[in-house]
Amino acid sequence: MMEQGLLHLYWGDGKGKTTAAMGLALRALGSGKRVVIMQFLKGGQSGEIPLLAQLGAKIFRGKGGQKFVFQMNEAEKAAARAVQNENLTAALAEPADLLILDEAGSAWELDMVDKDLLRRAVLERPAAQECVLTAHKAPQWMLDAADYSTEMKCRRHPYQKGIKARKGIEY
């Protein structure tokens, strides 16, 4: 009998959404599962990416040095949106037991992805495929569809004291 793949949603303003998703990727890889990771709006190298790729995860991400969306003009937004859509389409073409769509909520909220493509990727995925979404602000359809919904709530963060992101911890 085929296992039913469930939908995980890690969302909120606290630290740990991507960390939780990547921890699940590591667990799945360690169990011989095929893992595909799509990171929306992220391009800079993060410490876990080379290791997950080395372990066999297929990873799709934006370009390094990319501006934040609020800093982009309309042409830059259109070009970045096109990259997000190309990456999502390529990620969906890969066979996956676990599909991670990191920052899917932000891509949705900022209109940086074809919303119909993203919604279909999640709601019409293969029945046995486990899927993880991360979001700062999760749209209602993600909240409604999630089998697991974990809100990360920030109570305290070193950034509030002026401590910058540290390699190997925050990235």
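Is K42, at 23% relative accessibility, buried, partly exposed or exposed? K42 counts as partly exposed because its relative accessibility is 23%; here buried means under 20% relative accessible area, exposed means over 50%, and partly exposed lies in between (1.4 Å probe, protein chains only).

## About the model

This is a predicted model, in which local features need pLDDT of at least 70 and side-chain atom pairs count only at pLDDT 80 or more, while totals for chains, interfaces and linings use all residues. Residues are numbered from 1 along each chain as its sequence is written, and side-chain values use heavy atoms, with hydrogens and water left out.

## K42 and its two partners

Let's stay with K42 and look at its contacts. Side chains of opposite charge can pair when their charged atoms come close. A salt bridge is counted when a side-chain nitrogen of Lys or Arg lies within 4 Å of a carboxyl oxygen of Asp or Glu. K42 meets D102 in such a bridge, at 2.8 Å from N to O. This pair links distant parts of the chain, 60 residues apart: K42 sits in the loop between strand 2 (35-39) and helix 2, and D102 belongs to strand 4 (residues 98-102). Helices (H or I, at least four residues) and strands (E, at least two) are DSSP runs, numbered from the N terminus. D102 counts as buried because its relative accessibility is 0%.

K42 also forms a salt bridge with E103, where the closest N and O atoms are 3.9 Å apart. Here, too, distant parts of the chain are linked: E103 is in the loop between strand 4 and helix 4 (104-109), 61 residues from K42. With 12% relative accessibility, E103 counts as buried.

Another salt bridge joins D116 and R120, with 2.9 Å between the closest N and O atoms. The two residues are four apart in helix 5 (residues 115-123), so about one helical turn separates them. D116 is partly exposed at 45%, and R120 is partly exposed at 37%. As for shared partners, salt bridges join K42, D102 and E103 into one network. A search of the whole structure finds seven salt bridges.

## A nonpolar patch

On the surface, L26, L51 and L55 form a nonpolar patch with about 280 Å² of accessible area together. Patches are built from residues with over 30% relative accessible area and no salt bridge, joining like charges within 9 Å and nonpolar side chains (Val, Leu, Ile, Met, Phe, Trp, Tyr) within 5 Å. Accessible areas come from the Shrake-Rupley method with a 1.4 Å probe, and for residues only the protein chains shown count as cover.

L55 lies in the loop between helix 2 (48-54) and strand 3 (58-61). Its relative accessibility is 44%, so L55 counts as partly exposed.
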